[in-house]
Amino acid sequence: MKIAIGCDHGGLNLKGEIIKHLQAKGIEVKDYGTYNTESCDYPDIAIQVAEDIINKNSNFGILVCGTGIGISLAANKVPGIRAALCSDTFSAHATREHNNANILALGERTVGVGLALDIVDAFLNAEFQGGRHQNRIDKISKIEKKYSK
């Protein structure tokens, strides 16, 4: 498994903890930055991770900012990306099982490290259930196509 990960300055510390956690499990991680606490713009990071997923260079992405909101909004502008902001393990596995989410978004200021790592594990260990859920994903894709130019 290969994970693309990125953050803005508000998610730097949590991103570092997630990278260590994933690498300890033998998961390959591609880090798109940022690499310091200097203020940066989360859309710049979100697009890099989203494009990595769309180009099938990584299996999943993880994005972190202060709340996870802005960075997930930016990633979701890329057709084919389904970035889900999760702050609990139920949502993390449900979004993979039902929404086939391909990016997990987290907020460093909203979840502690221990919970964040549990959320990461729940997300990565879940599998898309298909069936009736695929029909809904197909409808999302139709919406993307209708409004993409």
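These notebook entries record what I looked up on aromatic contacts and strand pairing in a predicted model.

**Conventions.** I number residues from 1 along each chain as its sequence is written, and I use heavy atoms for side-chain values, leaving out hydrogens and water. As the model is predicted, local features need pLDDT of at least 70 and side-chain atom pairs count only at pLDDT 80 or more, whereas totals for chains, interfaces and linings use all residues.

**Aromatic pair.** I searched the whole structure for aromatic pairs and found 1. Rings of Phe, Tyr and Trp (its six-membered ring) pair if their centres lie within 6.5 Å; planes under 30 degrees apart count as stacked, over 60 as edge-to-face and the rest as tilted. Phe-60 belongs to strand β3 (residues 60-65) and Phe-123 to helix α5 (residues 113-125), so the pair ties together parts that are 63 residues apart in sequence. Helices (H or I, at least four residues) and strands (E, at least two) are DSSP runs, numbered from the N terminus.

**Surroundings of the pair.** I checked accessibility next: Phe-60 and Phe-123 are both buried (under 20% relative accessible area; exposed is over 50%, partly exposed in between; 1.4 Å probe, protein chains only). The charged end of Arg-96 sits over the ring of Phe-123, 5.9 Å from its centre (the criterion is NZ of Lys or CZ of Arg within 6 Å of the ring centre and within 35 degrees of the ring normal).

**Sheet.** I traced 5 strands in an open sheet with parallel pairing, in the order β2-β1-β3-β5-β4; two strands pair if DSSP finds at least two bridges between them. At the edges I found β2 (28-31) and β4 (83-85), each pairing on one side only.

**Strand β3.** I found 5 bridges from β3 to the parallel strand β5 (residues 103-107). Gly-61 has Ile-103 as its bridge partner in β5.

**Strand β1.** I noted that 5 of the 6 residues of β1 are buried, so this strand is largely enclosed by the rest of the structure. On the β2 side, 4 bridges join β1 to β2 in parallel, and Ile-5 stands opposite Asp-31. Towards β3, I recorded 5 bridges, again parallel.
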